[in-house]
Amino acid sequence: MANETLFLKPHTGGHETLMWTNGLPSGIFTASHGNHYCNLLKSNVQGGETISIALEVYAGHFSAASAPLAPSPRPEFMNSYESVDICVKNELMADFYFDLKTFNQMANALDANSFVRAHIIRTLTQIHEALYYSPDNIGKEAFEEAVAQASRLIKPLYEYTNTALAPTAAVIGHSHMDTAWRWTIDETVKKVARTYSNQLNLMQQYPEYKFVQSSAYHGKMILQHYPELFERIKTAVKEGRYEPNGAVWIECDCNLTGGEMMLRQFVWGQRFTREHFGYTSNVFWLPDTFGYSPSIPQIMKGCGVDYFLTTKMSWNDTNKFPYDTFYWQGLDGTKVLTHLNKTHLWPDPETCIDSVQDGRRSKDAITNKTVSNMRLLAYGYGDGGGGPQFEMIEMARRAADLEGCPRVETMFVGDFMQRLEQSVTAPPVYAGELYLELHRGTLTNQHTIKRNNRLAEIRIHDLEYLTVRSAAEQGEASRDTDIKPLVETLLINQFHDILPGTSIPAVHDQSIAETTELIHTAEQRIRQTVPAKPDNGKLSVLNTLSFDRSDVIYLDYKEGLVVKGGYKQQVVTDVSGSRKLAVAGVQVKALSSAVLELEAGYPAAGSCFTYDGRVLDTPLYKVVLDERGYMASLIDKSMNRELRGQGYALNTLLMAEDVPTAWDSWDIDADVELKFRDNAVLLASEVISDGEVEFRIRNAYRLTERSSLVQDVIFYAGSKQIKFETVMDWQDDHRLLKTVFDTSILADFARQELQFGYMKRPTTRNTAVEQAKFEVCNHKYTDLSENRYGAAILNDCKYGISVHQSQMGLTLHKGGCRPDYRGDKGLHACEYAFMPHNGGFDADTVIQPAYAFNYKPLLIPGECSYASFIRVSEPNVIIEAIKPCEDNDNAYIVRLYEAEGTYTNAALAFERDVRQAAVTNMLEEVQDVLAAVNDIPLCFKPFEIKTIKISY
């Protein structure tokens, strides 16, 4: 045997097998190929040559499916290995097979009245007359001669090509790769090796073949675990065969991820591809997440990314999304060209005709044909990897230019988007969020994952600020060597099947363990970073926010000690059983500290509240509690205004059966609203504390026969916030818990915080689009406001909420149990608050209190006297992050944004001398050098994000 091309065909029940050739990963076999798939083993094999072959077969595992009532997993492995064949390809048979498949598809897909179709059918009839269908009953030579004759008949059909007006199906190989879902991250390391090595194998066989890889983190996996394969990928990138174009570190969730971490996804992704491939991504590729925040366009442009592609909007359960090529206008007015491409398909005539021209099968063809005649089709197997197989490339070759089929052209995604932008005619503009009318339960499912995400983002925020401050005060380089591993851990755990809580148990357990350790490590490093003098009976209160605060501080109570200085104080026991000293009136300036001194004594006796078991009179409210501890009436004394509206009492706990149609942990279906019941039973109610700072009632409820809830309802003497410290003992599956506030606020929209701003969403359900938004995302607040009065719900980890007319319903728990068949049982703690406010919505009334509710003051034993590090002149300009520069020099980054949606002139005042200040893009590249002064004027457009580099 000489100069042969050898192929290898394994007989396995395994759906993923990695082939190693002469010690190098070189190809993949997947279940979708069955036993008919052969992979290139080696070309130009010489007689007597020795080839070393190894096969790594993934044995697989059973996991619970996505349907609510699917069986629980079985313990045995799914897959087995049997044998392997080494083959050579019969070129005549392979060539005719793909030709025949091509024109069979054309005959099926073209209109019945098409003369092109009629000509194809005439030819296929002639082929039928020539072929034998039973090769076992005729000699090999006669059979192959018949195939050769049929091949000569079919080839002339390729001569009938398209006109200049034919639409274009741009195709590229791709494999959507879920970093974790029904497998763990460790298995994904092997999945990417199998998938990417296969792309290089295909490139050896097909010179026109190109592939796009969309997550930079997967590149790091290859770099760490398969360095030789990584070098081959780098070579393919240089050759223009392999496109590392996705812009982000990982394909993250875009609802729940906080603003700064969303931005870091792009920063980390761009820096990796630049460093290792000399490539800057121009496309944000995110086919599979569960909605898209309107903050994304501004972040994209700030990180050098011009184009956005997704497939998910075609999944809507209520309304068809109106466009497939359009400009998406974000919160601040930034526009990015957006294209709804398709994935997980074949680049064959049938698929291209359906996806581009008529949509007869999928109901998903180009919608606005006057705007563009181009669509991107990314072909190959995905979710668990795999990518294209050689049959797909063969079909793409044959579909390149056939009359009646879109012109099929292989091109990189970035090149396609540039050509699309140059060719579009009057593209529409879609403003606001890309709300996915599906998978609304991902905002709530898996409580601890959501809570850890919020806490981890806060701890990294605090640690970065204190690290920068320490370096600047000591005149050292601002380094983040110890912080970057924490950031990376968080970025990975914001993947779109981890953070939403839609993975198998092992993935959830790993995420919780990693983020819990992250939070603990960050807290340790914060304590190590703050230069506190020895205790000596003093305690430092650090404010890590960019505005002054004076909220109630809760200290661990030491018997016989109080805070010196005449503060109102009170000993309380919180819902978790810890004894605290509640201290009111401590003023802490922005990004500074206050030092408290402890002295012997006890808080003064007395109370500013009166309570008769039903009516509570506070300095700010008159409250009537019903027989279950809910607020039947809440009157704001300053306005003499009743805040309880029509409907349920304020903070009524509602439970519903939650069995979605298809996607258990993902979905909340619209008809769940018909099932909510006010059935919670009050088991006990007790006044826990009554003094000069707060009045606290502890209520214990039975929610169901299995689940219960204990809640401290806290009224303050000096704040309109009514706080609910809550511990749920959840033992139910397929149940959904909400707390509802039927208010007297009349507003036709609600403001709901998201990354770097807020969305205004309708409170009405006048149209099908409004009706579909029965459950939406909020971050730290949702607010209903009239011009001069309003009320907000604040939360510390609850992202799902419903607003209908004057009712706000915060979703507290979801008992989804597929694919994590255990559900979300256990003890779960959270806090939320109902906060009426005088005056309409603004930074003072809602935004700053929501930040303060989440970013608790840091309590450091000993004395740490910090002056304000930076001061912002305007309350609606929020410093979201103070962080070391990515390049670790004697400088740091200040990230600010305008939070009210108002044009604003503001000034930054610095405690220490500024050597140089510069405006940068979000990748920290200098764009404009500012005057080196300690008082820097800045002008913000509504919701504008600014990145300032400060050198010292």
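This is a predicted model: local features need pLDDT of at least 70, side-chain atom pairs count only at pLDDT 80 or more; totals for chains, interfaces and linings use all residues.
# Notebook: loops and helices

I started at N921, whose side chain reaches the backbone nitrogen of L923 at 3.0 Å. I found N921 in the loop between β48 (916–920) and β49 (926–930). Is N921 buried or exposed? Its relative accessibility is 13%, so N921 counts as buried, the cut-off being under 20%. Leaving out residues up to four places away in sequence, I listed G302, Q927 and T947 as what N921 touches.

**Helix α3**

Next I checked the length of α3, which covers residues 140–154. With 15 residues at 1.5 Å a residue, α3 should span 21 Å, and its end C-alpha atoms are 21 Å apart, so the two agree. Which residues of α3 are buried? I wrote down F143, A146, V147, A148, A150, S151 and I154. I recalled that an α-helix has 3.6 residues a turn, so residues three or four places apart point the same way. Then I looked at what the buried residues of α3 pack against, and found α1 (91–109) and α2 (115–130).

**Helix α7 and its two partners**

I took α6 (residues 227–238) with α7 (residues 259–277) and saw that their axes come within 10 Å and cross at roughly 85°. Angles of 65 to 115 degrees count as roughly perpendicular, so α6 and α7 get that label. On the α6 side I noted F230, I233, K234 and V237, which meet F272, H276 and F277 in α7. Sorted by class, the contact of α6 with α7 has five nonpolar, one polar and one charged residues.

Then I turned to α7 with α13 (residues 484–492), where the axes come within 11 Å and cross at roughly 105°. These two helices are therefore also roughly perpendicular to each other. From α7, the contact uses M261, R264, Q265 and W268, while α13 brings K484, V487, E488, L490 and L491. I counted classes for the contact of α7 with α13 too: five nonpolar, one polar and three charged.

I moved on to Q494, which lies in the loop between α13 and α14 (505–529). Q494 has a relative accessible area of 0%, so I put it down as buried. What does the side chain of Q494 make a polar contact with? I found the side chain of N453, at 3.0 Å. Q494 and N453 are 41 residues apart in sequence, yet 7.9 Å apart in space, C-alpha to C-alpha. M261 and Q265 were already in my notes, from the α7 side of the contact with α13.

**T289**

I found T289 in the loop between β10 (283–285) and α8 (296–302). Its relative accessible area is 0%, so T289 is buried. With residues up to four places away left out, T289 touches C252, D253, C254, K312, L436 and H496.

**Helix α9**

Last, I looked up how covered α9 (residues 349–358) is: mostly, with seven of its ten residues buried. The buried ones are P349, T351, C352, I353, D354, S355 and V356. Both helices and strands cover them, among them α1, β7 (168–174), β14 (342–345) and α10 (390–398). I also jotted down that G359 follows α9 and that its phi is positive, near 60°.

How values were computed:
Residues are numbered from 1 along each chain as its sequence is written. Side-chain values use heavy atoms; hydrogens and water are left out. Helices (H or I, at least four residues) and strands (E, at least two) are DSSP runs, numbered from the N terminus. Buried means under 20% relative accessible area, exposed over 50%, partly exposed in between (1.4 Å probe, protein chains only). A polar contact is a pair of N or O atoms within 3.5 Å; within protein, one must be able to donate a hydrogen and the other to accept it, and residues adjacent in sequence count only if both atoms are side-chain atoms. Contact means heavy atoms within 4.5 Å. The expected span of a helix is 1.5 Å times one less than its number of residues. Axes are lines fitted to C-alpha atoms, for helices over the stretch in contact, and angles run from 0 to 180 degrees between N-to-C directions. Angles under 35 degrees count as roughly parallel, over 145 as roughly antiparallel, 65 to 115 as roughly perpendicular and the rest as oblique. Ala, Val, Leu, Ile, Met, Phe, Trp, Tyr, Cys and Pro count as nonpolar, Asp, Glu, Lys and Arg as charged, and the others, Gly among them, as polar.
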